[in-house]
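Hello,

Here is the structure I promised to pass on to you. Please have a look at it, and then read on for what turned up in it.

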Amino acid sequence: MQLIRKMTAEYAGYLFDESRTMGQADFIAFPTCEDELVQAVRWCAENNVPLTAQGGMTGLAGGASPERGLALNLSRMNRILGMRRDESGAYFLRVQPGLLLTQLRRALAAKSFDLSGWDEASVETLRPVKAGELFFPPDPTEPTASLGGMAACNACGARSVLYGCTRAHVNALRVVLADGRVTRLVRGRDRARGRHISLPLEGGGAFEAELPSFDTPPIKDAGYYIRENMDLVDLFMGSQGTLGLISELELRLMPAPKHLWGLTAFFPDDENALAYVRAVKGRPDQGVPAFPHRAASIEFFNKNALDMVVRQKALTPAFRQLQELPENYNCAVYLEFNGGDPAEMLPILRDLTKVLLAVGGDIERTWVARDQLELEQLLFFRHSIPETIDLIIEENKKKEPCITILSTDMAVDDDHFDELFHIYKRDLSATSLQWIIFGHIGENHVHPNILARTKEEYEQGHAIFEKWARDVHRMGGSISAEHGAGKIKKKLALIMYGPEKMRELVNLKRAFDPQGLLGPGNILTYGGEVRS
Ligand SMILES: Cc1cc2nc3c(=O)[nH]c(=O)nc-3n(C[C@H](O)[C@H](O)[C@H](O)COP(=O)(O)OP(=O)(O)OC[C@H]3O[C@@H](n4cnc5c(N)ncnc54)[C@H](O)[C@@H]3O)c2cc1C
């Protein structure tokens, strides 16, 4: 089968990611192994053809929508390659970048691995492992994301409040550089010296470069990660395919929690929900009891989001199984707790009830999931919100092709979150736009989404996001905590970095990719000019 194929109508589905950013490409390739990936990258370098890496194409910022050249689709590099255990007893899994999260989860839950190609040591390591004993914590809520894409965006999601983002669970990477050379980077072993980096190359030699002179935001951020003496693995986590192509990952697995409990509490007002979240995070208002437990998820849904799902339930057969909402709901907060023994849940429930009552909640208006089936219902409800947005945007795009998903994922620290939340509400309420707010309130970043119906509304939405980017920058936050700047949020990235820092990032990119072939149109702006 020919590796580099002409782009034809049959491949039209590879021109856009989940953000609905329409791209274009002249060629497409589906490598099945690192050698083929290297061949494709070399072909691009020799022919000066830009390329865009594609994983699961679930990204929400247009990063995988090709701007031109080659769509380098990694979906056929989806094998699990082997397993090892270190001296501390931790398990590590080697995977290809196109492996989907759902495939990984299934393999771990059922202990179902295709062992062809595994070495003897890997097979031996796997032998005593029990089905469901190990898990990979990052959960960008969309299970068809690929591991390579999750690493390239440092995906976070609903459970990162407890477990951290993808970065925290990737131990090693193999990366194909723009000229086809390959580097293997191991966390703890390969580090910058100050701001000088030296990447060991397969076959000998090293790739040398200098890091920018500044550190990227200390807050949760999906973009480039720059620190003195940093682990070089982290340079590629968040670079969205602009510095190199991840051809293999070594994932660090954790013992799976034996029990997961979920609760969705409905509140009469956003202020009650904010007070509840503060208390659950260990910052209770005066008069609210302490809550000495750690939640694995803290998710918020505003009234517009709940109303939207109720409307969609009547329209979409797949949503009929969604629970009926309590009467007079205004907003809701979903909490999840992970633990080892069902008895652990009793003190959590007792303390949470006290908090709930103190902040104006109501036991009668709280859904509690005590088993896996009930939990899946709550998670299905949570996932129905982005799914509904997707359906609405697809419809709106039929009338106005320029429309894409307009979702923000800006993050600030605990001290600034309430201020940012009120800015979102104030600015959106002053418009006639359709909007909702939902998402990861536990980590101070919710997702205001604008459901634009016309070109004017779409442009108005972008202008509001730019204003918020300035607000967030003033608060020391990040313009994208988990989706990345991709193509849609490049202007916001420029606001956050400013022209000087952007120039330094462009210089880093030029050192790695002098021909400017990797991920054209993603994150970076050249000379202050923003190409959309
Ligand atoms: C319903 C829904 C809910 C979501 N919720 C969340 C959430 O809660 N948290 C969150 O973090 N994200 C969320 N996302 C966004 C998305 O799932 C994540 O960004 C995910 O990490 C993207 O993975 P992917 O494989 O689909 O990447 P793609 O969309 O294919 O690519 C994303 C970027 O990574 C680059 N890339 C892909 N593979 C590689 C590689 N091997 N090497 C180098 N670069 C590569 C691409 O060029 C692109 O720039 C959600 C998406 C949807 C549709």
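Let me start with the largest pocket, which holds about 810 Å³ of space. A pocket here is an open set of points on a 1 Å grid over the protein atoms alone, where a 1.4 Å probe fits, with protein on both sides within 12 Å along at least five of seven lines; lining residues have an atom within 4 Å of a point. The volume is the space filled by probe spheres set on the points, which are joined across faces, edges and corners.

Before going further, please note that this is a predicted model, where local features need pLDDT of at least 70, side-chain atom pairs count only at pLDDT 80 or more, and totals for chains, interfaces and linings use all residues. Residues are numbered from 1 along each chain as its sequence is written, and side-chain values use heavy atoms, leaving out hydrogens and water.

The pocket's lining has 27 residues, and nearest its centre lie Arg-105, Arg-159, Leu-260, Gln-372 and Leu-379. Helix 10 contributes the most to this lining, with 7 residues (helices are DSSP runs of H or I with at least four residues, strands are runs of E with at least two, both numbered from the N terminus). By class, the lining has 15 nonpolar, 6 polar and 6 charged residues (Ala, Val, Leu, Ile, Met, Phe, Trp, Tyr, Cys and Pro count as nonpolar, Asp, Glu, Lys and Arg as charged, and the others, Gly among them, as polar).

Now to the ligand. Around it are 37 residues, of which Ala-53, Gly-55, Gly-56, Thr-58 and Ser-146 come nearest (near means that a heavy atom of the residue lies within 4 Å). Helix 4 gives the largest share of this shell, 5 residues. The shell divides into 16 nonpolar, 18 polar and 3 charged residues.

A backbone N or O atom of Ala-53 is 2.7 Å from an oxygen atom of the ligand. For Gly-63, a polar backbone atom lies 3.3 Å from a ligand oxygen atom. The protein buries 98% of the 990 Å² that the ligand exposes when taken alone (areas by the Shrake-Rupley method with a 1.4 Å probe).

Best wishes

Conventions
A polar contact is a pair of N or O atoms within 3.5 Å; within protein, one must be able to donate a hydrogen and the other to accept it, and residues adjacent in sequence count only if both atoms are side-chain atoms.
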